[in-house]
Amino acid sequence: MREAHPLERQVGIDYYVSDGPGVGGHLRDAPADFRVRELEGVEPEPLDADPGAYPHLLVRATLTDWDTNDFAGALSSALEVSRERVSWAGTKDKRAVTTQLFSVQGVDAGDLPDLSGADIEALGRIGRNLEFGDLAGNAFEIRIADPERPDEVDAVTDALREFGGGRVAVPNVFGHQRFGSRRPVTHEVGLHVVREEWREAVLAYVGNPAESEPDRTQEARATVDTVADSADPDWQVALDATPGHLGYERSMLHALVENGGAEPADFRAALETVPWNLQRLFVNAAQSYAFNRMLSKRLRRGLPFDRPVAGDVVAFADADAPEGLPVPDTDRLQRVSEGRVDVVTRHCERGRAFVTAPLVGTETGLGDGEPGEIAREVLADLDLAPADFDLPGNFESTGTRRAILVGTDLDVARDPLTLSFSLPRGSYATAVLREFLKVDPRDL
């Protein structure tokens, strides 16, 4: 197996499954080079439906160069409503053209604002806010700029078909952006949170400079670290040194200024100043890091991804998933005994079942046999246990399981080199793209 880029190894991804050098190049010369459209999973009531019964307006927004959180904030500000009234089904990359759903509580279609770089269309009304996962998947159309070895696309495609047992498939890793594309620390924050190391969690996010950041940002984070190391930290000094574009960092530091920043509870309160979805993301990133490490260990041991071995836990296919885009139903799980390996393998070959690994939480089982051994080794290395995820507020997680393989029907256009494919919800385009480009993940 080909060793992954050093930055990928920082987030638990140790290998490529295709051995060739890849096509090279980079992505996102312009936002239009990276297009993603949600495969929608919500059917709204008409726009004139009773707002008492259906208080949330469902809108489809096509956004150019917008971060999802930033757009939600701009939309709520323009509507003069609380940021908490805006929800969405999936977070998208900023430097892209994205088409995605949002819900806004307590507004009408005529209230929708004009925002630069956003085409907003009212679709109807729904009885609850959107939640993560309220989509079937995502369709991608991605141009690769300046490929050095464009003909390598065929070799990679063939290798991925072999890995997937006949269909183009890759390990279903969490992409680098899950952890912070420029500074992958979100999982470090989450690991501290799960261990209830609140002070360390805040400092991992607010301090902890990375060489990939602009000089001013590095200097601000270094000041935070210096203040934190002093005998009597003056958090106002750290706040004054932190530029305005580091909005979440400033929110945390402002909370430390206000509450004293001396007790563990002060640091937990600082973490809770950021939006609820970012609080959850910290813990989710820790789970994702452990998951990536489990997949790397499975690759290292030579275990298959497209079929089970004894001790695996499989999820059966969701009967309501769109045709051609099967997804696992993690409420329908089965442990695979030695005597049922062949039967379950046939289910996997027909797209009726998926081998899974745990996204560890309070209610997550770890499997048996060699797969269970892998999960326990990773958790022991990280000093984690399922019970550790019994945490306050938005930091708590019961966990789930996730398919270890994701397959797709790939279409390749040659001039310019463009990859088009669809993935089920929760899977990352970079899991596919990294195999084809084999470059610094920041170029993805």
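Mentor: Helices (H or I, at least four residues) and strands (E, at least two) are DSSP runs, numbered from the N terminus. This is a predicted model, where local features need pLDDT of at least 70, side-chain atom pairs count only at pLDDT 80 or more, and totals for chains, interfaces and linings use all residues. Residues are numbered from 1 along each chain as its sequence is written, and side-chain values use heavy atoms, without hydrogens and water.

Trainee: Which residue does a cis peptide bond join to Asp415?

Mentor: Look in the loop between strand 15 (411-414) and strand 16 (417-424). Omega is about 0° there. The partner of Asp415 is Pro416.

Trainee: Is Glu196 buried, partly exposed or exposed?

Mentor: Glu196 sits in the loop between helix 4 (186-194) and helix 5. Its phi is positive, near 60°, and the residue is not a glycine. Buried means under 20% relative accessible area, exposed over 50%, partly exposed in between (1.4 Å probe, protein chains only). At 47% relative accessibility, Glu196 is therefore partly exposed.

Trainee: And Lys438, buried or exposed?

Mentor: Lys438 belongs to the segment after helix 13 (429-437). This non-glycine residue also has a positive phi, about 50°. Its relative accessibility is 12%, so Lys438 counts as buried.

Trainee: How does helix 5 lie relative to helix 9?

Mentor: The axes of helix 5 (residues 198-206) and helix 9 (residues 264-271) come within 7 Å and cross at roughly 40°. Axes are lines fitted to C-alpha atoms, for helices over the stretch in contact (heavy atoms within 4.5 Å), and angles run from 0 to 180 degrees between N-to-C directions. Angles under 35 degrees count as roughly parallel, over 145 as roughly antiparallel, 65 to 115 as roughly perpendicular and the rest as oblique. Helix 5 is therefore, to helix 9, oblique.

Trainee: How many charged residues are in that contact of helix 5 with helix 9?

Mentor: Trp198, Arg199, Ala201 and Val202 of helix 5 meet Pro264, Phe267, Arg268, Ala270 and Leu271 of helix 9. Seven are nonpolar and none polar, while the charged ones number two. (Ala, Val, Leu, Ile, Met, Phe, Trp, Tyr, Cys and Pro count as nonpolar, Asp, Glu, Lys and Arg as charged, and the others, Gly among them, as polar.) The count of charged residues is two.

Trainee: What arc do the buried residues of helix 11 cover?

Mentor: Helix 11 (residues 341-349) buries Val341, Val344, Thr345 and Cys348. They lie on the same side of helix 11, because their arc around the axis (from the directions from the helix axis to the C-beta atoms) is only 110°.
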